[in-house]
Amino acid sequence: MADVNPAAIGARAEQMINTLGSVSAEPNRLLRTFLSPAHRGAANLVTKWMVDAGLTVSEDALGTVRGTLAGSGAKRLLIGSHIDTVVEAGMFDGPFGVVAGILAADHFAKAGRPLPFGIDVLAFGDEEGVRYSATLASSSACAGHFDFSTLELVDADGVSLAEAITRYGNNPVDIPAAAYAPGIAAAYVEVHIEQGPVLEYRNQPLGVVNSIAGQTYLNVEFLGEAGHAGTVPMLLRRDALAGAAETILTAERMARDTKGEVVGTVGHINVPAAASNVIAGNVALTVDIRSGSDTARNAFVDGFKKEVREMADRRHLGLSITTTRNVPTTPCDISIQDGLAAAVKAVGGEPLKLSSGAGHDGTAMAKLCPIGMLFVRCRGGISHNPAEYASPDDMGLAVAALIHFIEGFEP
Ligand code: HGY
Ligand code: MN
Ligand code: MN
């Protein structure tokens, strides 16, 4: 690929990432949630980049921006990722997959010779699931399996997803039109930062993903008895926050005991009537449980629920545990893995295979077509953190590898 200059591409990628990274709901931290004004701003910017790259751009009812480069055949290779972020996010998680797709499509648009298939670059708006408890709404809609019951979910301000769609300028009745017709999508490929330390540890810029970890999300709520912090004897308390604290440590201990097979995280806790001098009567928390093995994850969930129930009984706490997400491990297509491995080699890398502990839109897209993922090294393995960083050189190699993959792809 004499006409591909990874260093120049990497410099362009860095400039695009920095520009997109400045589109935020807040001045002092990066926050872009689904169907928010910041999402609109990011979608407008991505649209401009896609038009500049010579793509035909459309947008569906869930705000997915789709840039199409027509090919001589009807099938399309889908390349995408998400432009929504977590709270106080890094700039690369999601956006680099969209930027990489645009730069690769730009390369073929300028090559002047049509590929035997089209390319669709997709910018999804709901991968992180920050605004609504469900997630992957936009990629699920493209893949034809949107869950219409999620339209009734409400955000922290009580705005339903249906209302958010309307406020964004769209109409929920148009959601079915977002789905790809059967037989059009040949494959879905996502380029994403690794969000872990393996590539850096192995001194490799790129890696090929073999599977995306399964996830179980539990919402755990305790009902105790609110009381005066100064007057209620310790033995007479039904302290919901102390029960929640024990639950957090139970998740951590049980996950550590699996020696890496399962990871468990409590990242959010809510104490509605929190006050320093009040024994908490009601507390809710979320538990994020993941594993590359569905058997191990499900066994962990059963054991964890049993321990939490026994603890709640001991503390005389009311308890409700609801499963808000249960996603099986998603394997990446072997032939796509092989194509990406050949592409990594072509740009001078060693095609390490990694499983992804992070979730991705590929999980939703796998119900539509075969999927693959290319990982890019990120500094310190840090992600979901403003310190998240991928070098221009590594990003340039990733786009060069993606271009090589596309050149060898046979739908
Ligand atoms: O949670 C995840 O793994 C993804 O970043 N949404
Ligand atoms: Mn993320
Ligand atoms: Mn991501």
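**Entry: before starting**

I am working from a predicted model. I keep that in mind for every distance below.

**Entry: manganese ion, ligand 3**

I began with the manganese ion (ligand 3) and looked up what holds it. Its protein donors are H82 through NE2, D93 through OD and H192 through NE2, and they lie 2.1 to 2.3 Å from the ion. Written along the chain, the spacing of these donors reads H-x10-D-x98-H. I then checked where the two histidines come from. H82 belongs to strand β3 (residues 76-82) and H192 to strand β5 (residues 185-193), so this pair, 110 residues apart, links distant parts of the chain. Are these two histidines buried or exposed? I found H82 buried, and H192 is buried too.

**Entry: manganese ion, ligand 2**

Next I turned to the manganese ion (ligand 2). D93 (OD), E128 (OE) and H384 (NE2) coordinate this ion, at 2.1 to 2.2 Å. Here the donor spacing is D-x34-E-x255-H. D93 sits in the loop between β3 and α3 (95-111), while H384 sits in the loop between β15 (371-376) and α11 (392-408). That pair is 291 residues apart and links distant parts of the chain.

I also looked up how covered these two residues are. D93 has 5% relative accessibility, so I note it as buried, the limit being under 20%. H384 has 43%, which puts it in the partly exposed class.

**Entry: the bridge**

**Entry: ligand 1**

I found E127, E128, R290, A358, G359 and H384 around it. By type, this shell divides into one nonpolar, two polar and three charged residues.

I looked up atom distances next. A nitrogen atom of ligand 1 is 3.0 Å from an N or O atom in the E128 side chain. For G359 I noted a polar backbone atom, which lies 2.7 Å from an oxygen atom of the ligand. With H384 the side chain is involved: one of its N or O atoms is 3.0 Å from an oxygen atom of ligand 1. How much of ligand 1 does the protein bury? Taken alone, ligand 1 exposes 210 Å², and the protein buries 92% of that.

**Entry: cysteines**

I searched the whole structure for disulfides and got zero. C142 is in no disulfide, and the nearest cysteine sulfur to it is that of C369, 11 Å away. Why does C142 count as buried? Its relative accessible area is 0%, so it falls in the buried class. C369 is likewise in no disulfide, with the sulfur of C142 as its nearest. At 7% relative accessibility, C369 counts as buried.

**Entry: T330**

My last stop was T330, which I found in strand β13 (residues 330-331). Its relative accessible area is 6%, so I put T330 down as buried. What does its side chain touch? The side chains of T330 and T363 are joined by a polar contact of 3.4 Å.

Note on methods
Residues are numbered from 1 along each chain as its sequence is written. Chains are lettered from A and ligands numbered from 1 in the order in which they are written. This is a predicted model: local features need pLDDT of at least 70, side-chain atom pairs count only at pLDDT 80 or more; totals for chains, interfaces and linings use all residues. Side-chain values use heavy atoms; hydrogens and water are left out. Donors are N, O and S atoms within 2.8 Å of the metal (3.2 Å for Na, K and Ca); water is not among the atoms, so sites may look incomplete. Helices (H or I, at least four residues) and strands (E, at least two) are DSSP runs, numbered from the N terminus. Buried means under 20% relative accessible area, exposed over 50%, partly exposed in between (1.4 Å probe, protein chains only). A residue is near a molecule or strand if one of its heavy atoms lies within 4 Å of it. A polar contact is a pair of N or O atoms within 3.5 Å; within protein, one must be able to donate a hydrogen and the other to accept it, and residues adjacent in sequence count only if both atoms are side-chain atoms. Accessible areas come from the Shrake-Rupley method with a 1.4 Å probe; for residues, only the protein chains shown count as cover. Ala, Val, Leu, Ile, Met, Phe, Trp, Tyr, Cys and Pro count as nonpolar, Asp, Glu, Lys and Arg as charged, and the others, Gly among them, as polar. A disulfide is a pair of cysteine sulfur atoms within 2.5 Å.
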